[in-house]
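This report covers the fold and the packing of the protein shown here. Please keep the sequence and the model in view while reading.

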Amino acid sequence: MTASGRIALVTGAGKGIGRGIAIEMARAGFHVAALTRTQADLDTLKQECHAVNPRAEFLGIAVDVTDRPAIAAAVKRAGLHDVTPHDL
């Protein structure tokens with residue numbers, strides 16, 4: 001399986017395990033759609049993802065993952081139209 005052109009949607013991407021997963025997905029060649037609560041975390045994560053793979057696209061969305069309508073909107077914004085919140 002190749003990661004080229006694929007999008008990894010990572011929730012909890014601002015800190016800890018989620019942040020590590022987002023960075024490793026970028027390193028593996030995925031485009032990263034990162035969801036977390038704060039814009040500041042997204043700003044630094046974007047820099048880290050581009051540091052490990054300058055070609056990886058990054059979309060950061062500040063959202064509360066307990067807000068199902070907001071998550072649904074984030075999924076659409078990330079271009080993942082065939083994913084529904086219950087799949088997350």
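## Contacts and overall make-up

Of the contacts in the protein between residues at least 6 apart in sequence, 54% join residues at least 24 apart; a contact means heavy atoms within 4.5 Å. The model is predicted, with local features needing pLDDT of at least 70 and side-chain atom pairs counting only at pLDDT 80 or more, while totals for chains, interfaces and linings use all residues. Residues are numbered from 1 along each chain as its sequence is written, and side-chain values use heavy atoms, with hydrogens and water left out.

There are 88 residues in the protein, and 36% of them are buried, that is, under 20% relative accessible area with a 1.4 Å probe and protein chains only. The accessible surface comes to about 5,200 Å², and carbon and sulfur atoms account for 54% of that area. Areas come from the Shrake-Rupley method with a 1.4 Å probe.

## Fold and sheet

Three helices and three strands make up the secondary structure, in the pattern β-α-β-α-β-α along the sequence. Helices (H or I, at least four residues) and strands (E, at least two) are DSSP runs, numbered from the N terminus.

The three strands form an open sheet in the order β1-β2-β3, with parallel pairing; two strands pair if DSSP finds at least two bridges between them. β1 and β3 (58–62) are the edge strands, each pairing on one side only. From one strand to the next the twist averages 15 degrees. Five bridges join β2 and β3 in the parallel sense, and V32 has F58 in β3 as its bridge partner.

## Helices on the sheet

α1 lies across β1 and β2 and runs at about 170 degrees to β1. α2 lies across β2 and β3, at about 165 degrees to β3. These angles run from 0 to 180 degrees between N-to-C directions, using axes fitted to C-alpha atoms, for helices over the stretch in contact.

## Nonpolar cores

The largest nonpolar core has 14 residues, of which A13, A22, V32, A34, L45, C49 and F58 touch the most other members. Such a core is a set of buried Ala, Val, Leu, Ile, Met, Phe, Trp, Tyr and Cys residues joined through side-chain atoms within 4.5 Å. Two or more residues come from each of β1 (7–11), α1 (16–27), β2 (31–36) and α2 (39–52).

Leaving aside residues up to four places away in sequence, C49 touches A22, I23, A26 and F58. A second, separate core has nine residues, including L35, V63, V75 and L80.

Technical notes
Buried means under 20% relative accessible area, exposed over 50%, partly exposed in between (1.4 Å probe, protein chains only).
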